[in-house]
Amino acid sequence: MKTLEFAILLVIGSVSAILAADTPETPITLEQAKDVGRMKSRFLKAAPASSQPILAIPKANLAYFNQSVEPLLTRNCIACHGPDKSAGRLRVDELDPDLLTGPDVERWREVYNVLSNSEMPPDDELDYALADADRGGIVDWLSGELNKASAIRRNQKEHSSFRRLTKYEYNYALQDLLGLPYALANKLPPEAASENGFKNSSELLQMSATQFETYREIGLTALKRATVSGERAKPVTYIISMQDELNRAASGKNAKTFNKNDEGYEKNRNRQHLLNRETGQGIHFSNGKSTPQPETVVEQTSTVSPVVLILPRSNELKLNLDRFLPDEGIMRVRIRAGRSSMNPDEYASLRLIFSAHTSNNANFSNTISEHDLAVTASADQPEFIDFMIPLGDIQRNPFRKLTTTFPRRDEFLHIRNVSNARGGNESLNLIIDYIEISAPFYEQWPPKTHTDVFFDSGNKNDEQLYGREVLTRFLRRVWRRPVTAQEVNQFMALFAKYRPEFSNFEDAMVEVLATALATPEFLYMAQRVNPNPDERHSTIGDSELATRLSIFLWSSSPDDELLKLAEQKQLREPDVMTAQVKRMLADPRSKRFSQNFVRQWLGLDGMDSVVHVTDSSLREAMQEEPIAFFDEVLRRNRSIMDFIHSDFAVVNERLAAHYRIQGIYGPHFRRVAIEPQTNRGGLLTGAAILTMNSDGKDSHPLKRGVWMLERILHDPPPPPPPNVPEVDLTDPEILKMTLKERIMDHRNKAACISCHSRIDPWGIAFENYDALGTYRTRIKNQPVDATSELFNKHTLVGMNGLKRYLLTDRQDQLARAMVHKITAYALGRPLSFGDHADIDDLTAQFRKADDRLGDLIHLIISSRIFNSK
Amino acid sequence: MNNKSALLNRRTFLRGTGVALALPWFETFAADSPRRDKTPKRFVSVYHPDGVGLPLKSDPAWEDWSWFPHGDEKEFKLTKVLDVLEPLQSDITIYSGLSHPTARKVHGHSNADQYLTGAATGGHGPYKNSISLDQVYAEYAGKFTRHSCLVMSTNGGVGGPRGAQTQSFNREGRAIPAMNKPKQIFDMLFVTNTKDAAVRLARSKSALDFLIANTQSLGRQLSKHDQGTLQQYLDSVRDTEIKLAKAQRWIDTPIPEVETRNLHLDAEPREARLYFQTMYELIYLAFLSDSTRVATFQLGRENGEGPHDLLSMAVGLGGAHGLTHAVKKPKGWENLGTYNRYQAEEFGRFAQKLKDTPEPTGAGNMLDNTFAMHGSASSSFHLSRNYPIISAGGKNLGFQNGRYLKFGKGNEDNQAGAGIVSDAGWRGKIEAEELPLAQLFITILQRLGVETESFAGYTGTLGRV
């Protein structure tokens, strides 16, 4: 403890030294700004009112208002917000100081916000400047009164997180339940985001007959895919041995072979060819044709053939598979591959493409592998790489069953080398000696997905007993809670109705299980009323807590361990909960949290309507960056002030090239230290943010300003008034103006100024970044003007000025915004004034925990609000 | 029929409280309700591949064998290609200067897929389509009839991506297989075997009953507020029940009996005239019996081959696709024009038949209540611009016919591809300005009663239509 105090003293010491030396010539660094800003936190000063137990009947503290607040308001505010002039239609002299019973809570909240964010009084109104102590006095009083008022609202107003699962949650829940690893819910209609940006907001998740029918259809199809009946289907298997291909190709009439030891091999080395590594014989090879093996069981080659395919970067082997692949089932494509060289800066990966060319202009070619799979083994010790492709989900050649030969019936599989190899004599190539394609492929028979539903049991011969067993186990996972015998009986009654229509138990039971997948308890997150009527804002049940937790961190149903802990009523024990949250965050499923939360929080769907990014690998990298950055901060439990600025970036090769960061190779995202001159660090300068908040040609300060206010500061501007005049782009005078001038012109119209003066300055500070997020110092041969003045007259000089201001003066707001956003996402409902006190309380704890993101997840989960209905 | 739906009536009345039921009630029992006399609004689209002949104005063939008429909106003269439509001139409209913008630089042979969808289906690489015009309407009108739509083509099935053999695509952009055998189409429309469907329906009904009971027992354990949310689920299940009841009702409703004497259900494309007339007759009968209000029919497929080429043999010419490549040979324009004339003739015969048949409800003739469209996704030389489109009928929907509506600028004489004169020109610079065809689609949908302001991402409608 001693050392900590000492450290704080040191910081304060250095801060005051910095402040003393704070001249325009040597502004403090952004890292220093983080320390300076932290010192200003209101949350770190005193224990917030709400952490004290709330009295049975809280009372308004009018005495303090009369004695200390009112005189200050009269002195510092009333000139502009009083009887003479009521700027912003606000008259502080008319506000009812009783927040608990009075009608002016919302206006007081605005007063609270502008005072605590130092937006008022304006910097240039020196006569009305508020001393820090005075400001603190008003803010503290308001904070306490608002929290008391919020607590009263909380107890009076019913709000609910009872909601339908989102499309992506439903998809993951079904995937996890049935063990099917591919997308299942694409048929559901897309979902909109609510005003706060979140798609899981209870009020938005509607249901319709069409949607309901789609759930039924998806559920039944998925179950039929997970289970099997009858004999194991004989797989169709293709084997492409490079040895055989070479023999065939070399025996062709006009075969042009060459030899590795020939002088001319140089020109063939980096072209796609087959090579016998023992004899040196080689031949160009890019198209193969294969027919399925006769029914003998296929033997797995264990010895690596001396004959291999050399597959250079961006080349592909195109295999004609004729028309024999089955309609449904998993196609396993197994490729034995290695790398010709092991330079760690180079990578090579495999991608599968499926195509057909049915006639002249009728063709398609679609990527069917979900991810490129990296080849890491060396050519001497190649390894198998397996792709699993659901044949029923990909575009097939519709003519494959034709009895005539035209339109053409063949289907083609392309195996492509996706790589960053840079050429040269020893360029990295992929070396492939064996390919096996098999469908339908089953790891085991019956498949695990089947035995998960229809497991082994001593009662298998008794349909009544076994049916109950199957249902009890299945329903517990579908409903995320234990089920009663009576509930199971209801399903058995349905089974009895269906049974005569089907020839076997499984087929009839699948129909019953499909019905379970359409029940509201699967599609919705239910919260049962507490049978004890005395508990007014009671906590949610144990199973419900497990579900809320897993939906939050995994976007899916709880697993067996969580269900068990909930059933044993242990989940709420702090140690157990902490251990579970840690386990869940360490599980790969928690990547879904980073993905879905960040996409919605930052509105990354906006990238979908961007058309000016034509390079698909750049687009993908842009979209991934904020997620990877958030994930990095989460995993390392770093401060969320990193979102404003960090001395590192999280990039892959493509994005590093875009940011002109040297020496980054490979498609995966990783943390790299960056210099200030890269002008990156944090989320604000992410290419996706800048790109989607542009107009396709140039930056768009207004969009960027709105984005800042909504997403980062959680201070959304009001919607534009209905009679707002459009900027007339046919007016030659307006066309001549620069963008900034155009904005100024628009802003100066009376109807626009009040809002725009709060929005635009934020966006203008981004002007050094163009429509693709590239840093620039000139626009059309004019120097970039990224200087703006905030509504409170504070001047921002470009991105660094913006970051410095946020870190120095707005940390409380940033932290509270983060708490608000994650809590709203975790609860799946918009937060209201009734939640104000809880959010304040969480923010105080969060700030005391050094704003660490990982800690925030734990804080939210153990909070009262997360455990309440 | 009334006896059989008695059970349904009782069930529905027992549950029949609240707003959720009011609308579907009328839809379900439209035929029994006072709204029975409501006149159907119908839509049919016929697609022909390979475009039409558009010689340059300087070509001697322009006068007679250019597909588009000569003249202006009201005063125009049909050339020899379309003169077969003269008896119907006051019932048709001809449109020029329309095309789907995203396909303008894609080879015409890849574009049948997007004629009714307006999607950016492209020329190569990944492929994705979107919902077609007829299916948007079928989603709306399908609930009034036994079949939501009738999808037909000479080649049948779905074809391949960028080589569609169907004009219809569902909301997910998946192709809906077209039927091409008159016998099968007839059986589907008029000889349905309903046993399997009845078993499936009964099973669904048990599932829905079960879900309603299950939901109600959950509801008792929820707060008032949450019960409100759950009500939406319950309403959805009940709406689905009503849909099932409707399907059940169609199973119980006798299939309409139609006059079959003139039908040649074994006709095949090699007997092109007979085949065409039989297919059109099936659409006519489906409309007359109100079995459906939506139909698409694709003649052949882009790029020829298969049954498609047999069609042109009906007029004594070689493969249909070959005709488009031979226009610079002696009589080339005339031959292509003759084939297009034959297509127009069969379309005209169908339209005339609708016109000659009084609407069963008494509201004019059937053509007045049908918007019938005939067109292709390319003009000459497989250029994906200036689609040649004719529409017939639709007077009672608000369409004023007897007009030649020219849209766009720069190709007033409808010369081949506005300056491009060969097959190699499909990538060429677009000189003339054209308007998005989707804007015509929006008008069509609105007049058919679908409330929409956009189609395939396009908004706005065309003036004058």
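Please keep in mind that the model is predicted. In chain B, helices α4 and α12 pack with their axes 11 Å apart. Between the chains, 41 residues of chain A are in contact with 41 residues of chain B.

**Helix packing in chain B**

- Helix α4(B) spans residues 133-141 and helix α12(B) spans residues 438-448, and the angle between the two is about 15°.
- Angles under 35 degrees count as roughly parallel, and α4(B) and α12(B) are therefore roughly parallel to each other.
- The crossing of α4(B) past α12(B) is right-handed.
- On the α4(B) side, the contact is made by L133(B), V136(B) and Y137(B), which meet F441(B), I444(B), L445(B) and L448(B) of α12(B).
- By class, this contact of α4(B) with α12(B) holds seven nonpolar residues, with no polar and no charged ones.

**Domains of chain A**

- The domain assignment divides out domain 1 (59-156), domain 2 (236-439), domain 3 (448-524) and domain 4 (693-808) in chain A.
- Taken over C-alpha atoms, the centres of domain 1 and domain 2 of chain A are separated by 72 Å.

**Where chain A touches chain B**

- Elements of chain A that give two or more residues to the side touching chain B include the helices α7 (209-226), α12 (485-498), α13 (505-516) and α14 (520-523).
- The strands β10 (348-359) and β11 (362-367) of chain A are also among them.
- Strand β11(A) gives the largest share of that side, with five residues.
- The side of chain A that touches chain B is made up of 17 nonpolar, 16 polar and eight charged residues.

How values were computed. Residues are numbered from 1 along each chain as its sequence is written. Chains are lettered from A and ligands numbered from 1 in the order in which they are written. This is a predicted model: local features need pLDDT of at least 70, side-chain atom pairs count only at pLDDT 80 or more; totals for chains, interfaces and linings use all residues. Axes are lines fitted to C-alpha atoms, for helices over the stretch in contact, and angles run from 0 to 180 degrees between N-to-C directions. Helices (H or I, at least four residues) and strands (E, at least two) are DSSP runs, numbered from the N terminus. Angles under 35 degrees count as roughly parallel, over 145 as roughly antiparallel, 65 to 115 as roughly perpendicular and the rest as oblique. A crossing is left-handed if the near helix is turned anticlockwise from the far one by less than a right angle, and right-handed if clockwise. Two residues are in contact if their C-beta atoms, placed from the backbone, lie within 7 Å. Ala, Val, Leu, Ile, Met, Phe, Trp, Tyr, Cys and Pro count as nonpolar, Asp, Glu, Lys and Arg as charged, and the others, Gly among them, as polar. Domain bounds come from an automatic or database domain assignment.
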